[in-house]
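Subject: Structure handed over, with notes on what was found

Dear colleague,

Please find the structure below, and keep it open while you read the notes that follow.

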Amino acid sequence: MTVPVPPVRRPIHPPPAPASPFPYNPGSLLSASDLSLDDVSHILSRATALENQDPLTRDRILAKRRVALLFYESSTRTRTSFELAAKALGADTTLVSSLSSSIEKGETLKDTGLTLRALGAEAIILRHNSSGAPWLLEQETHLPVLNAGDGMHEHPTQALLDLRTILAHLRPGAEAVNAETIAGITLTIAGDILHSRVARSNMLLLPRLGARVLLCGPKELLPELAAQVGPGIEIERDFETALRQSQAVMMLRIQAERLVGLQLDLEQYKANYQLTGQRLAAQAPDAIVMHPGPIIRGLEVTASVADGPQSVILEQVRNGVAIRMAVVERAILAGHPLAGHALAGPAQRGRA
């Protein structure tokens, strides 16, 4: 009797996944995770150098270069600071918004981007209500794209300016960052973390420099899954417990339109998570208070805290211009044969 031989199964070795094609352009900034620590150090040092440079010298760095601001969502701080940053370097800017262009007639993001490229734009700063839109735009145009906020996904320049603000107060003088630069610092981010691209970019950037990030909020706005974004991120539901451990506190705006369908009582939310002067004095008397804006006074934070001595909210806004000067310069000059020459500064160029 012949015993049947079981078939031999040949092991399957799937081919390795191809390397991500993004970003096509070395000047793009699509995600905080795109940046190496050397990149972060360079952006911080260039932000300081550009901020301190003579304006009449600085505005020749990108003289007559063309930068397009493509905004599908309303914005005050981000749009204005990017525009002022580009103009401070001498660039010509044009604003394209969804309410005053062919976008409202149904033109696709791809076609709008290709049109801007054909018109001579050398970089595009994009804010879009769809997560992933900056990747699509860069794929289609191959221009440097700066992500100024995409849906519920990311806002990388906000994380950079937040880092600059934290360093100024808690690690003064530090610009060449490493994995231990902000070790020992705990940042609490409180509020609507589920929908916050600001929170996500900070969660991707700050732990890489040694920070501990505590996420705080009700389960409706902070799913347990958020703690799995990466190492150094924890969830603490009790706001006062989180405050007692914090050297920095970032409050996030509660947007009523995003609460539709959620079983969340705003008065109960304020009782549990509003940052009041009394709560701050009792639990975190030395912590800096941050907010990406716009603030809804009397909801996530009281006016006395927003305007108080621990608030660095307006410093964040000012830091936005410096950081965005650095990333706009990087967008235009990265990979350019004269980039190192241009970025060296007049003193070094004179010695070359």
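At what angle do the axes of H6 and H12 cross, and within what distance do they come? They cross at roughly 120° and come within 8 Å. Before going further, please note that this is a predicted model, in which local features need pLDDT of at least 70 and side-chain atom pairs count only at pLDDT 80 or more, while totals for chains, interfaces and linings use all residues. Residues are numbered from 1 along each chain as its sequence is written, and side-chain values use heavy atoms, with hydrogens and water left out.

Helices (H or I, at least four residues) and strands (E, at least two) are DSSP runs, numbered from the N terminus. Axes are lines fitted to C-alpha atoms, for helices over the stretch in contact, and angles run from 0 to 180 degrees between N-to-C directions.

H6 passes H12 in a right-handed crossing, a term used if the near helix is turned clockwise from the far one by less than a right angle, with anticlockwise being left-handed. Among the residues of H6 that meet H12 are Gln158, Leu161 and His169, and those of H12 include Glu315, Asn319 and Val327, where contact means heavy atoms within 4.5 Å. The residues of this contact of H6 with H12 divide into 5 nonpolar, 7 polar and 4 charged; here Ala, Val, Leu, Ile, Met, Phe, Trp, Tyr, Cys and Pro count as nonpolar, Asp, Glu, Lys and Arg as charged, and the others, Gly among them, as polar.

H12 (residues 313–333) also meets H1 (residues 37–52), and their axes come within 8 Å and cross at roughly 115°, which makes H1 roughly perpendicular to H12. This crossing, too, is right-handed. Residues in H1 including Ile43, Leu44 and Arg46 meet residues in H12 including Ala322, Met325 and Arg330, and the contact of H1 with H12 has 9 nonpolar, no polar and 5 charged residues.

What volume does the largest pocket have? It is about 580 Å³, a volume being the space filled by probe spheres set on grid points that are joined across faces, edges and corners. A pocket, on a 1 Å grid over the protein atoms alone, is an open set of points where a 1.4 Å probe fits, with protein on both sides within 12 Å along at least five of seven lines, and lining residues have an atom within 4 Å of a point. Of the 30 lining residues, Arg127, Arg197, Arg253, Gly293 and Pro294 lie nearest the centre of the largest pocket. H12 gives the most to this lining, with 5 residues, and by class the lining has 7 nonpolar, 15 polar and 8 charged residues.

The peptide bond from Gly293 to Pro294 is cis, with omega near -10°, and Pro294 sits in the loop between strand S9 (288–290) and helix H11 (303–306).

With best wishes

Methods
Angles under 35 degrees count as roughly parallel, over 145 as roughly antiparallel, 65 to 115 as roughly perpendicular and the rest as oblique.
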